[in-house]
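Have a look at it first.

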Amino acid sequence: PLTGDFGRSQFFLLATCAADPGLAHGGQGPLLLVAKGSPTPSVEEVRTAAQDVPLAQAGLRVCQYNDGAEPLKGIPKVPADACAQPSSTGVGRDFMTGGMKGQA
């Protein structure tokens, strides 16, 4: 994955997003949407739908596992009931598993 096309594309995508001036002063920055639709909507349909989805005030939170890592200063944590590390008994809880309403 680190040397293939997918890995390279992910690296450059993240680097580009990190350098986006839209992130200045707490701005939203780039919005990446990956979805598999049936039927596949046109790019224009997706852009039109995104016009009514304001994320500038959505904020950033971190799902801080109890793994000994230092907390990220200045970034609020996701509540514990929506953030649990995967274990041998389950997949854990985070935004991918529907941790809490409104979380993405």
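Q: Why is Cys83 called buried?
A: Buried means under 20% relative accessible area, exposed means over 50%, and partly exposed is in between (1.4 Å probe, protein chains only). Cys83 has a relative accessible area of 9%, so it counts as buried. Keep in mind that this is a predicted model, where local features need pLDDT of at least 70, side-chain atom pairs count only at pLDDT 80 or more, and totals for chains, interfaces and linings use all residues. Residues are numbered from 1 along each chain as its sequence is written, and side-chain values use heavy atoms, with hydrogens and water left out.

Q: What makes Cys63 partly exposed?
A: Its relative accessible area is 25%, so Cys63 gets the in-between label.

Q: How many helices and strands does the protein chain have?
A: Two helices and zero strands. Both kinds are DSSP runs, numbered from the N terminus: helices are H or I with at least four residues, strands are E with at least two.

Q: What makes Val78 buried or exposed?
A: Val78 has a relative accessible area of 10%, so buried is the word. Val78 is found in the segment after α2. Val78 and Met100 are 22 residues apart in sequence, and their C-alpha atoms are 9.3 Å apart in space.

Q: And why is Thr89 called exposed?
A: With a relative accessible area of 76%, Thr89 clears the exposed cut-off, so the label holds. Thr89, too, is found in the segment after α2.

Q: What makes the Thr89 and Ser87 side chains a polar contact?
A: The term needs a pair of N or O atoms within 3.5 Å; within protein, one must be able to donate a hydrogen and the other to accept it, and residues adjacent in sequence count only if both atoms are side-chain atoms. The side chains of Thr89 and Ser87 come in at 3.0 Å, so the distance passes.

Q: How much of the protein chain is buried?
A: Buried residues make up 9% of its 104 residues.
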